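Student: I am new to this structure and would like to learn how to read it. Could you walk me through a few features?

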Amino acid sequence: MQAFTTHKGLVAPLDRENVDTDLIIPKQFLKSIKRTGFGPNLFDELRYLDHGEPGMDNSTRPLNPDFVLNQERYKGASILLTRRNFGCGSSREHAPWALLQYGFRAIIAPSFADIFFNNSFKNGLLPIVLPESKVAKLFDDVKAFPGYSLFIDLHRQVVVTADHNEFHFDIDESRKHKLINGLDEIGQTLESAEKIREFEAKRLAEHPWLIAQH
């Protein structure tokens, strides 16, 4: 998993509440057993004017010119700004996969659906909760200033604006540790690999009958 310490990126504003996971990555794209290739179909129903299906050549599909991610000023955005209850709906882990594979490293919103929130941390995507008043101010600034970027410092737990205002955000210490060190749950377990080996050796020494006899 890619570590997250600091990040500076262009901000794209998705001005919608209750964005569900089927809108993030529609159900027809969940057939794949791979964890890659979902970026081109992120927000598929909003992004394209036709109906998308797995295996289509997305480069030839008609784009919706009104959708924010298709606008030139937001090309290359890596921070998504959105409204309350982002990621509601089904529990599909494909939603954070699609966001990451598109190029987003962080999402800022007043609130997130619980399962999406948890899945994001497990995959290296940072969901940041800020008060609605601060999110509203960021929406105004992003729309007013082309090329608007934010700096995120996970160590200090702050979002820093271009005019040096800092917005503090909360994060569980265990999740912060895993993100900073690029650890998923397996990686976190392997941090204790030496202790696990010592425990197993001691247990077998005390209970040799546990070793299978052939």
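Student: Where is the place of Asn-85?

Tutor: Asn-85 is found in the loop between S2 and H3. Helices (H or I, at least four residues) and strands (E, at least two) are DSSP runs, numbered from the N terminus. Residues are numbered from 1 along each chain as its sequence is written. This is a predicted model, where local features need pLDDT of at least 70, side-chain atom pairs count only at pLDDT 80 or more, and totals for chains, interfaces and linings use all residues, while side-chain values use heavy atoms, leaving out hydrogens and water.

Student: What phi does Asn-85 have?

Tutor: The general idea is that most residues other than glycine have a negative phi. Asn-85 is not a glycine, yet its phi is positive, about 60°. Phe-43 also is not a glycine and has a positive phi, of about 50°. Phe-43 lies in the loop between helix H1 (21–24) and helix H2 (44–47).

Student: Is Phe-43 buried or exposed?

Tutor: Buried means under 20% relative accessible area, exposed over 50%, and partly exposed in between (1.4 Å probe, protein chains only). With a relative accessible area of 1%, Phe-43 is buried. Asn-85, at 26%, is partly exposed.

Student: How many aromatic pairs are there?

Tutor: Rings of Phe, Tyr and Trp (its six-membered ring) pair if their centres lie within 6.5 Å; planes under 30 degrees apart count as stacked, over 60 as edge-to-face and the rest as tilted. Searching the whole structure gives eight aromatic pairs. In one of them, Phe-86 and Phe-116 have ring centres 5.3 Å apart and planes at 75°, so this pair is edge-to-face. Phe-86 lies in the loop between strand S2 (79–82) and helix H3 (94–102), and Phe-116 in helix H4 (residues 114–122), so the pair ties together parts that are 30 residues apart in sequence. Phe-86 is buried at 0% relative accessibility, and Phe-116 is buried at 2%.

Student: Which residues do ring pairs link into a cluster?

Tutor: The cluster consists of Phe-86, Phe-112, Phe-116, Phe-117 and Phe-121.

Student: Where does the charged end of Arg-61 sit?

Tutor: A charge sits over a ring if NZ of Lys or CZ of Arg is within 6 Å of the ring centre and within 35 degrees of the ring normal. The charged end of Arg-61 is over the ring of Tyr-48, 3.8 Å from its centre. Arg-83 lies over the face of Phe-139, 3.9 Å from the ring centre.
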